[in-house]
Amino acid sequence: METPLTGNIRPDREPPDLPEYERAGGYRALRKALLSMTPWKVVEEVRSSMLRGRGGAGFPTGMKWTFVPKGPDAPRPKYLVCNADEMEPGTFKDRLLMEGDPHQLIEGMIVSAYAIEADVAWLFLRVEYALSAGRLAKAIAEAYGKGYLGKDILGSGYSLELYLHTSAGRYMCGEESGLLNSLEGKRATPRAKPPFPAVCGLWGKPTVINNVETLCNVPHIVNRGADWFKGLSRTGDSGTKLYGVSGRVRRPGISELPMGTTIREILESAGGMQEGYRLRAVIPGGASTEFVPAEHQDMPMDFDSLQAVGSRMGTGTMIVLDDRTCPVAMLRNLEQFFARESCGWCTPCRDGLPWVEKLLDAVEVGRGEPEDLELLAMHAKFLGPGLTFCALAPGAMEPLRSGLSLFRDDFLRHIREKRCPWR
Amino acid sequence: MMTAEEIREIEAELAHYPVRRAGAIEALKVVQRHRGWISDDSVKEIAAFLGMSADEVDAVATFYNLVFRRKVGRHVILVCDSVSCWVMGYDSLRDRLSASLGIGLGETTADGRFTFLPTACLGACDRAPAMMVDEDLHGPVNPGGIDAILGNYR
Ligand code: SF4
Ligand code: FES
């Protein structure tokens, strides 16, 4: 089984420096792309690889790149932004890539920037990732020193500046247009779309925003081709995936496995459940995805299969709900996060999420009324897709909507017994 | 007054941006690094330096979780209260920290040594329950090991 993304990552996560990375085949894709492929050829290769964005939404990467104006008449400068603001609860995969193999990300960024003919690349990193920041800064300096960044890279005529930007902490920075506002020094509130960032992004110029894991795939696709990439997978969605597991499992962590690996196998890669705990459900891809009950364990974790059962692949990092944890309290915890991180721009989300949080709090401690379930269901509907300015509120409603139906008996028991049965 | 050092650091960041005000967050971070937090005076100074109004800078400062608009202690403890850490025992970690420090969330110890804050997911869910002290990540934190960890920060 091939693991291109994590092949260089050592158990202690000490990253390879530039010479080591090169010895392992690093920066070969950069040479190949810049010296023997046109930007358009790179876009075509990535497009035919069917790589889908690994940040949560799963949009086809190559297709996103085609929306950027190209050629001598395109507005300048053009930007590539790496979204490394990983702040979705339960998601911790990009940290592994940045700490363990920073040059892979840098190379992925340069090749991707070349594909869209960008002049400047920004690496937008959440500030809490201090270790990643130090390692990335070192890798960037090494890449400049070797002529992989800067003016006329390897004599190809292509130039790129790459800057590392650390944020100041806020979930909204992970939302594409919120991230752009934040990079411009503003509050990270989202922007209206259209126009889309590909044509009107940072400072009004064409901008592509890709997730860390997405960009890390690009050098491998350039080196080995689209067909190889598709062959890595076990389903229609191509490539490998960094799957993660957290919660009451024996070895919480990340494993790189073929796309389409089943939930059961991913749980096994984490050593299975801890002694004395049984699996009840998982949140498959970070806090904003719907619960999937244990019965669906043999389902492949990929974009299409999860969609078929009403959930989402999201970031592919699952959070385990065991049988000794109160599901109502878990939902309250999830909604507390979203209520706190809401940017406050639009009323339904700003007012609705704290209300949801308070209702869940009341039910959990035994002060809930039967009507509260209707009120919660009403919120799940009225904060749904298309009714708020951005996807934060609809995302917040995904675990709630699924939780209300999956754990209905638990909710009713809290209300009937006027206490939490788990305490 | 901004120090020469602060100005030098902010200017270095500004060089990457096409407009000065884009450096607002960087400027807040630079000043916070030097002074520990962002006072009303700091807001005004940054505003003047970047050609913005104080309200504009304050709007940015108050939006971000890790820009401190109130004085904080020498060390800031961020305890993750998001879902994976919550499942793995956030409540008891918080309670033990609170007891050891003698303060609740959002407070600073009387000797000015620690400020204790909740934080959203630290991206260390495999090490839950997790916390950060300044730039150091700790996890999984066993409540019994808290005093040893705190002992490293004077
Ligand atoms: S849905 Fe929430 S996060 Fe999104 S714009 Fe509205 S208030 Fe802000
Ligand atoms: S939930 Fe605590 S580090 Fe992710």
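Trainee: Among contacts in chain B between residues at least 6 apart in sequence, what share join residues at least 24 apart?
Mentor: The figure is 60%. Keep in mind that this is a predicted model.

Trainee: How many helices and strands does chain B have?
Mentor: Chain B contains seven helices and four strands. In sequence order the pattern reads α-α-α-α-β-α-α-β-β-β-α.

Trainee: And what box do the C-alpha atoms of chain B fill?
Mentor: Roughly 50 × 30 × 25 Å, taken along the principal axes. The chain has 154 residues, and 53% of them count as buried.

Trainee: Which way do β1(B) and β2(B) run, parallel or antiparallel?
Mentor: Parallel, with six bridges joining β1(B), residues 75–80, to β2(B). One of the pairs is Cys80(B) with Thr119(B), the latter in β2(B).

Trainee: Is β2(B) mostly covered or mostly open, and how many of its residues are buried?
Mentor: Mostly covered: β2(B) spans residues 114–119, and five of its six residues are buried.

Trainee: Switching to Ser84(B). Where is it found?
Mentor: Ser84(B) belongs to helix α5 of chain B, which covers residues 83–87.

Trainee: Why does Ser84(B) count as buried?
Mentor: Because its relative accessibility is 2%, and the cut-off for buried is under 20%.

Trainee: Which residues does Ser84(B) touch?
Mentor: Leaving out residues up to four places away in sequence, Ser84(B) touches Cys125(B) and Ala128(B) in chain B, and Gly90(A), Ser246(A) and Ile319(A) in chain A.

Trainee: What else does β7(A) pair with?
Mentor: β7(A) also pairs with β8(A), residues 292–293, over two bridges, again antiparallel. Val282(A) turns up here too, with Val292(A) in β8(A) as its bridge partner.

Trainee: How many residues of β7(A) are buried?
Mentor: Four of its five, residues 279–283 being the strand, so call it mostly covered.

Trainee: New topic, helices in chain A. How many residues of α5(A) are buried?
Mentor: Eight of its eight, for a helix that runs over residues 93–100. The buried residues include Lys93(A), Asp94(A), Arg95(A) and Glu99(A), along with Leu96(A), Leu97(A), Met98(A) and Gly100(A).

Trainee: What about Gly395(A), which helix is it in?
Mentor: Gly395(A) is in α16(A), residues 392–406. At 5% relative accessibility, Gly395(A) counts as buried.

Trainee: Last one, the ligand. Which residues are around ligand 1?
Mentor: The residues around ligand 1 include Cys343(A), Cys346(A), Cys349(A) and Cys390(A).

Technical notes: Residues are numbered from 1 along each chain as its sequence is written. Chains are lettered from A and ligands numbered from 1 in the order in which they are written. This is a predicted model: local features need pLDDT of at least 70, side-chain atom pairs count only at pLDDT 80 or more; totals for chains, interfaces and linings use all residues. Side-chain values use heavy atoms; hydrogens and water are left out. Buried means under 20% relative accessible area, exposed over 50%, partly exposed in between (1.4 Å probe, protein chains only). Contact means heavy atoms within 4.5 Å. A residue is near a molecule or strand if one of its heavy atoms lies within 4 Å of it. Two strands pair if DSSP finds at least two bridges between them.
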